[in-house]
Amino acid sequence: MSDSAGSAHPAFKSVRCETIDSLNLRVEQYEHTATGAMHYHLAADNNENVFLVALRTVPQDSTGVAHILEHTALCGSERYPVRDPFFMMLRRSLNTFMNAFTSSDWTAYPFASQNRKDFNNLLAVYLDAVFFSRLDPLDFAQEGHRVEFSKADDPNSDLVFKGVVFNEMKGAMSSISSTLWNTLCSHLFPTSTYGYNSGGDPEHIPDLSYDDLLAFYRSHYHPSNAIFMTFGDIPASEHHAVFQDNVLRRFQRLPERIEVKPEQRLPQPRRVTERYALDDDTDRANKTHIVIAWMLGESTDLTQMLEAQLLSSVLMDNSASPLQQLLETSELGRSPSPLCGLEDSMREMVFACGLEGSEAHHAQALEEQVLAVVQDVATRGVAHERVEAVLHQLELHQREISGDSYPYGLQLILQGLGSATHYSDPIDVLNMDPVIADLRKKIADPQYIKQLARTLLLDNTHRVTLIMEPDATLSQQRQQAEAARLAAIKASMSDAQRTATVELAAALIARQQQEDDESILPKVELEDVAPQIPDLAFHEQRIGDHAVTRYVRGTNGLSYLQMVAPLPQLQPAELQIMPLYSSVLTEMGVGPSSYLQVQERQSATVGSINAFSSLRGAIDNEQDIRAYFALSSKALIRNAEPQAKLMLDVWNAARFDETGRLRELTRQILARREQSVSGNGHGLAMTAACAGMSPLARLSHQQSGLAGIAALRELAKSLDEPTGVDAFAAQLAQLHNTLAQSPMQLLAITDEQQMPTLLAALEATLADQPVRHQDSTFSLPPLRERCGELWLTNTQVNFCARAYPTVPVQHPDAPALTVLGGFLRNGYLHRCIREQGGAYGGGASQDPSIAAFRFYSYRDPRREETLADFDASIDWMLHTRHEARALEEAILGVIGSMDKPSSPAGEAKQHFHNRLYGRTHAQREHFRQQVLAVTLDDLRRVTQAYLQPEHASTAVIAPSNARDAVQDLLSEQALSLHQL
């Protein structure tokens with residue numbers, strides 16, 4: 001790939017072009033002459049093209065104006081004056097990614113597609129939505145906030161606040177990590193935009209007026225304030241032509257420059273105490289969070305950023321790092337704070353550390369201990385090998401081709417977006433090899449790390465210690481304040497205002513129910529779908545007596561290894577601790593080495609190493625469960641042999657006698673699981689609703705669902721006693737010995753030119769590894785029963801789920817059930833649950849592994865009404881006339897999901913594990929063809945056959961303070977009550 005950019009459009013001038021060999025791409029920078037808009041094009045030999053346009057958004061309050069604008073901008077535009085073009089395009093597209101993000105200082109609108117027609121369709125809609133949005137007041141009322149009578153047509157009933165973002169942020173602020181971060185930033189950045197909640201604080205969202213929204217749009221959503229970024233094999237000049245014709249020709253340069261101003265430095269450290277809501281009935285002891293945070297230098301200075309990353313990693317990269325070790329072993333708290341580490345996405349970086357599960361009076365002692373560790377590093381430094389290991393991790397991260405969660409091109413774009421936002425150079429951020437090489441020279445000086453510790457932390461007075469104490473009355477106070485505010489609004493209303501409120505609710509419902517002319521939106525059709533999905537080539541061989549499956553993939557010099565073994569028959573107690581075993585296995589000592597020594601070995605050898613168990617129902621019988629255990633790692637190819645040796649040592653010689661370490665790890669895992677409820681409540685609710693569908697579904701609820709969190713909490717308590725932790729260590733050791741006797745096979749993935757090196761490493765490592773023989777086969781007793789549960793948790797919103805028993809993937813009805821999920825979401829659930837009900841999300845899907853069809857809602861202000869909407873969607877499916885276009889859109893959604901690419905290594909792993917479970921390429925191709933052939937009659941038939949009310953199971957997650965309010969729901973739905 002040459003350093004010369006393609007020919008620029010006449011409206012653009014070329015600014016810079018640079019090839020980044022380590023990423024196999026060329027970065028081209030262009031400026032639009034008339035408006036000053038910047039375009040960064042990442043030219044790559046990749047047909048998954050990515051587009052993103054970002055606006056610098058710098059709110060000066062916590063009303064959520066940037067966030068609400070992000071939602072409202074996608075509700076209709078000049079060329080596409082329909083009510084909901086974003087969600088309409090989701091189902092008229094073969095996109096591999098579509099979304100919009102609000103960050104603390106930018107708002108971005110990205111999408112990706114492998115289909116050129118689809119890419120052009122989405123580009124037209126996105127550009128019009130961003131720069132020519134209609135911003136209808138009704139959309140502001142729906143997406144942002146509004147007051148409405150609790151009985152919408154009765155002005156004598158109480159007023160309530162409604163709005164999608166309003167409810168989303170109530171859910172987001174139920175997360176303690178979100179509350180911690182926003183509170184910390186309000187003190188670290190008292191004069192900057194970062195001191196406000198860019199997503200919106202539910203107490204302040206109702207302060208935002210429609211006129212405020214319009215003013216923010218007009219000042220911020222302009223090409224002069226925009227950053228265009230693209231990735232893929234479409235030439236930049238083609239993008240320029242579309243940008244110019246569709247948008248830029250209608251604008252001129254704005255004189256204003258929107259930017260984040262530098263924060264004023266604190267003259268001395270501060271300590272502040274705040275409260276967070278804890279609504280459950282448990283003891284408040286040891287529930288305080290203590291966070292110590294420093295504001296560092298500018299993230300746009302690449303040297304400053306990498307120095308901050310270097311010091312942060314030296315202090316906290318793993319359990320052997322000095323500050324991480326202090327926090328994990330401290331008696332002052334339960335586990336390290338969720339905020340630990342470096343935040344480098346804002347203009348000025350933040351380094352934070354701390355503890356959760358503490359008490360306010362420990363703050364002074366924790367400060368002293370943390371500063372003592374930093375002082376020790378500043379005085380004595382750290383071993384050169386540790387610093388080299390940190391640089392090794394930076395190099396590996398730079399080289400890795402990811403793309404399993406976001407498209408790879410989008411990850412690269414987001415990596416550079418922060419610098420572009422602050423008028424700096426994103427190309428340097430992408431091309432870190434020269435800076436890493438420079439750092440490697442600098443660390444040869446033993447004074448270098450010492451000086452960083454002193455300059456960035458010890459001598460830095462811009463430090464805040466935040467003490468967040470639990471408050472059992474805070475939620476009630478907020479509810480009372482909200483009720484008083486609404487009562488005051490109602491009391492001040494004139495008759496005309498009451499009438500207008502009733503009319504607004506009616507107008508909003510009418511708008512939500514109107515049928516727009518969707519034909520004005522571009523679309524792809526079934527004939528645009530690729531006729532087949534490509535298969536992956538692989539080769540099977542034996543090294544000694546071990547089966548090895550190898551995939552040649554473009555991994556950019558990384559090797560990926562997995563050691564895989566079938567699970568033997570396990571006892572219920574062993575199954576219950578299996579997730580914990582998988583989590584702690586690679587965090588413990590090995591042979592004569594302590595866990596601290598193993599952590600250092602891992603950091604110098606691999607980019608990551610982790611264990612997991614994988615269980616699936618058979619393709620033709622959900623009661624027949626197959627299960628495997630895997631140890632997985634990735635490394636630079638030069639470390640292939642140490643990588644394999646490390647994995648084999650863990651497999652053969654992991655030890656579980658470091659009981660203090662076991663106790664620390666269990667506390668950390670519990671903390672993460674408890675914090676997951678606010679972000680994954682819908683998934684946990686579906687798991688609970690499905691718990692009777694199959695033995696695997698029940699096990700999922702018991703291991704990793706709400707029941708699993710409750711069981712883990714009890715286990716963590718038992719480990720406080722020496723007998724409890726000793727017994728647990730013995731259980732883990734026995735389980736490990738059982739699994740180590742299972743016959744092992746290997747998965748090997750790397751570049752073609754590196755494969756001989758990887759195979760040679762395996763041959764050297766496996767030479768003396770004995771072959772094991774398994775004398776039992778994993779199975780679970782059959783299960784198919786209804787269940788119903790309601791869980792009270794520390795949240796401000798609800799998550800609802802309902803499930804029905806269906807069929808596994810091989811059954812002829814599975815394709816229709818899979819399409820049905822999207823059909824119900826597109827045609828009914830989205831409108832009723834999100835637009836009218838105010839939940840952040842809702843939908844339905846078929847899970848063939850457990851043979852269940854699930855409905856769900858996410859961050860939902862309602863409970864009974866949402867469950868009624870689930871039922872009403874079934875009636876709508878059976879008794880409403882439906883159009884072929886809606887069927888086509890649902891099919892496209894399934895095909896887009898099936899055809900979505902992953903990273904090169906991720907695709908190989910997925911292909912390998914699919915084959916383990918009988919999900920061959922031929923089986924997947926057959927299923928895909930069946931999906932394409934689904935008819936409306938098929939959808940009605942499977943709805944009638946499987947979604948019968950007498951077969952329904954239900955689960956609801958509700959706020960802890962709603963115990964009295966849910967009593968009727970418990971009896972009506974026959975739910976058992978549980979407190980998490």
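Modeller: Let us begin with Arg859, which counts as buried because its relative accessibility is 10%, and the cut-off for buried is under 20%. Please keep in mind that this is a predicted model. Arg859 sits in the loop that links strand S26 (852-858) to helix H30 (864-879). Its backbone is worth a look too: phi of Arg859 is near 50°, a positive value in a residue other than glycine.

With a relative accessibility of 31%, however, Tyr423 counts as partly exposed.

Ala37 belongs to the loop between strand S2 (25-32) and strand S3 (38-43). It is buried, at 1% relative accessibility. Setting aside neighbours within four places in sequence, Ala37 is in contact with Tyr30, Glu31 and His32, and also with Pro223, Ala226 and Phe228. As for distances, Ala37 and Ser405 are 368 residues apart along the chain, and their C-alpha atoms are separated by 29 Å.

Glu359 is in the loop between strand S15 (348-358) and helix H11 (363-380). With neighbours within four places in sequence left out, its contacts are Ala285, Asn286, Thr288, Ile290 and Leu332. Glu359 and Gly333 lie 26 residues apart in sequence, with 7.5 Å between their C-alpha atoms.

For a residue in a helix, turn to Ala491, which is part of helix H17 (residues 474-492). Its relative accessibility is 66%, so Ala491 counts as exposed. From Ala491 to Gly232 is 259 residues in sequence and 58 Å in space, C-alpha to C-alpha.

Now for how helices meet. The axes of helix H25 (residues 695-703) and helix H26 (residues 706-718) come within 4 Å and cross at roughly 40°. The two helices are therefore oblique to each other. On the H25 side the contact is made by His701, Gln702 and Gln703, and on the H26 side by Leu706, Ala707 and Gly708. By class, the contact of H25 with H26 has 2 nonpolar and 4 polar residues, and no charged ones.

Another pair is helix H12 (residues 384-399) with helix H15 (residues 433-442), whose axes come within 11 Å and cross at roughly 175°. That angle makes H12 roughly antiparallel to H15. From H12, the contact involves Glu388, Leu391, His392, Leu394, Glu395, Gln398 and Arg399, while H15 brings Asp433, Ile436, Leu439 and Arg440. The residues of the contact of H12 with H15 divide into 4 nonpolar, 2 polar and 5 charged.

In soluble globular proteins, nonpolar side chains tend to be buried together. Here the largest nonpolar core has 85 residues, and the members that touch the most others are Tyr581, Leu585, Phe629, Leu631 and Leu762. Helix H22 (residues 640-653) gives this core its largest share, 7 residues. To see one of those members up close, take Leu762: not counting residues up to four places away in sequence, Leu762 touches Ile543, Val548, Leu561, Ala644, Leu746 and Ala748.

Finally, the cysteines. A disulfide is a covalent bond between the sulfur atoms of two cysteines. With a cut-off of 2.5 Å between the sulfur atoms, the count in this model comes to 0 disulfides. Cys75 is in no disulfide, and the nearest cysteine sulfur, that of Cys832, is 17 Å away. Cys75 is buried, at 3% relative accessibility. Cys690 is in no disulfide either; for Cys690 the nearest cysteine sulfur belongs to Cys787, 7.9 Å away. Like Cys75, Cys690 is buried, with a relative accessible area of 2%.

Technical notes:
Residues are numbered from 1 along each chain as its sequence is written. This is a predicted model: local features need pLDDT of at least 70, side-chain atom pairs count only at pLDDT 80 or more; totals for chains, interfaces and linings use all residues. Side-chain values use heavy atoms; hydrogens and water are left out. Buried means under 20% relative accessible area, exposed over 50%, partly exposed in between (1.4 Å probe, protein chains only). Axes are lines fitted to C-alpha atoms, for helices over the stretch in contact, and angles run from 0 to 180 degrees between N-to-C directions. Angles under 35 degrees count as roughly parallel, over 145 as roughly antiparallel, 65 to 115 as roughly perpendicular and the rest as oblique. Contact means heavy atoms within 4.5 Å. Ala, Val, Leu, Ile, Met, Phe, Trp, Tyr, Cys and Pro count as nonpolar, Asp, Glu, Lys and Arg as charged, and the others, Gly among them, as polar. A nonpolar core is a set of buried Ala, Val, Leu, Ile, Met, Phe, Trp, Tyr and Cys residues joined through side-chain atoms within 4.5 Å.
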